[in-house]
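This briefing is meant to be read with the sequence and the structure side by side. Please take the topics in turn and find each residue in the picture as its name comes up.

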Amino acid sequence: NFRLPSHADVPGGGEPRIVTIAELPLKPRWDYAAAPRRTPAAFRRARIVNETAYTWLPGPVSLFEGDTYLGPTELEFVSRGQEAELYLGVDDRVRVEAEPTHRGVDKTLFGDKRRVRIGMCYEIENLREVAVSVQVRDHIPLPRHEQISVKLETTEPKPASQDDLGLITWEVDVPAKGKREIRVVFVVEHPRSMTVTGLPA
């Protein structure tokens with residue numbers, strides 16, 4: 001239930017009318033989100049904590065920055081005190097690329113096991129006049145067979161988090177007109193008689 005600040009007349013005949021419930025000042029934290037191996041782009045993002053007295057219902061919303069219309073997006077259900085993420089499209093001034101650095105099979109024998117070492121490099125370039133924060137996400141393959149193991153060997157810089165499903169997250173600050181790199185190496189071990197698919201090229 002929402003209490004309106006004043007009375008509002010709603011016409012009959014099934015005609016819809018938009019009624020303002022409240023105008024709420026919000027203080028977003030601006031950053032960027034990227035998943036380079038899926039999409040070579042950085043998406044501008046606003047993180048907003050619901051510090052209002054209202055629960056935000058899910059549905060379409062229109063985004064504005066000042067008087068500039070940024071476009072439509074979808075809002076999920078947001079409880080009081082919960083953080084919401086709103087995406088405002090790709091920013092061409094923040095570039096993200098993913099490049100394989102190496103892929104090789106260890107020559108050392110490990111019984112009947114084959115060990116494949118795979119490396120990736122993610123480069124973030126900031127063409128803006130100000131520094132930006134970028135959240136970069138990647139994942140190491142999740143084995144679906146008990147005889148296959150995947151282990152993260154090295155990552156530079158260290159990730160901010162890594163979950164049990166192999167999702168890795170970095171929080172990277174990129175200076176104005178500057179670049180940052182993220183390097184990842186993981187190892188896949190499997191029986192020599194087995195063909196493994198789905199690994200990065």
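A residue is called exposed when its relative accessible area is over 50%, buried when that value is under 20%, and partly exposed in between. Lys177 therefore counts as exposed, with a relative accessible area of 53%. The model shown here is predicted, and its mean pLDDT is 88, with 96% of the residues reaching 70 or more.

**Confidence along the chain**

- Among the elements of the protein, strand E11, which covers residues 167-174, has the highest mean pLDDT, at 95.
- Strand E4, made of residues 68-75, has the lowest mean pLDDT among the elements, at 85.

**Strands and their pairing**

- Strands of a sheet pair through backbone hydrogen bonds, and they can do this in a parallel or an antiparallel sense.
- An open sheet is formed by 6 strands in the order E5-E2-E1-E8-E11-E10, and the pairing within this sheet is mixed.
- The edges of this sheet are strand E5 (83-90) and strand E10 (161-162), each of which pairs on one side only.
- Inside that order, E8 and E11 pair in the antiparallel sense over 8 bridges, and one place to look is Asp138, whose bridge partner in E11 is Ile168.
- Strand E12 (residues 179-191) runs antiparallel to strand E7 (residues 113-126), and 13 bridges join the two; Glu123, for example, has Glu181 in E12 as its bridge partner.
- Strand E12 is also joined to strand E9 (residues 149-156) by 7 bridges, again in an antiparallel arrangement, and here Ser149 stands opposite Glu189 of E12.

**The nonpolar core and a surface patch**

- The largest nonpolar core has 26 residues, and those with the most contacts inside it are Val94, Ile124, Val134, Trp170 and Ile182.
- Two or more residues of this core come from each of E1, strand E6 (94-105), E7, strand E8 (132-139), E11 and E12, while the largest share, 5 residues, is given by E7.
- On the surface, Phe2, Leu4, Ile21, Leu57 and Phe77 form a nonpolar patch, and together they have about 440 Å² of accessible area.

**Salt bridges**

- Side chains of opposite charge can pair when their charged atoms come close, and the structure holds 12 salt bridges.
- One of them joins the side chains of Glu171 and Arg47, with 3.9 Å from N to O; since Glu171 lies in strand E11 and Arg47 in strand E2 (residues 43-49), the pair ties together parts that are 124 residues apart in sequence.
- Glu153 is itself partly exposed, with a relative accessible area of 40%.
- Arg183 and Glu181 meet in a salt bridge through their side chains, at 3.3 Å from N to O; Arg183 is partly exposed, with a relative accessible area of 41%, and Glu181 also counts as partly exposed, at 37% relative accessibility.

- Most residues other than glycine have a negative phi, and most peptide bonds are trans.
- Lys177, which is found in the loop between E11 and E12, has a positive phi of about 60° although it is not a glycine.
- A cis peptide bond, with omega of about 0°, joins Glu156 and Pro157, and Pro157 has its place in the loop between E9 and E10.
- Ala160 is placed in the loop between E9 and E10, and Ala160 counts as exposed because its relative accessibility is 55%.
- The C-alpha atoms of Ala160 and Cys121 are separated by 17 Å, and these two residues are 39 residues apart along the chain.

Technical notes
Residues numbered from 1 in each chain as written. Predicted model: local features only at pLDDT ≥ 70, side-chain atom pairs only at ≥ 80, totals over all residues. Heavy atoms only, no water. Pairing = 2+ DSSP bridges. Helix = DSSP H or I, 4+ residues; strand = E, 2+ residues; numbered from the N terminus. Patch = residues over 30% accessible without salt bridge, like charges linked within 9 Å, V, L, I, M, F, W, Y side chains within 5 Å. Areas by Shrake-Rupley, 256 points an atom, 1.4 Å probe, with all protein chains shown as cover. Salt bridge = Lys/Arg side-chain N within 4 Å of Asp/Glu carboxyl O. pLDDT = per-residue confidence, 0-100. Core = buried A, V, L, I, M, F, W, Y, C linked by side-chain atoms within 4.5 Å. Buried < 20%, exposed > 50% of the residue type's maximum accessible area, 1.4 Å probe, protein only.
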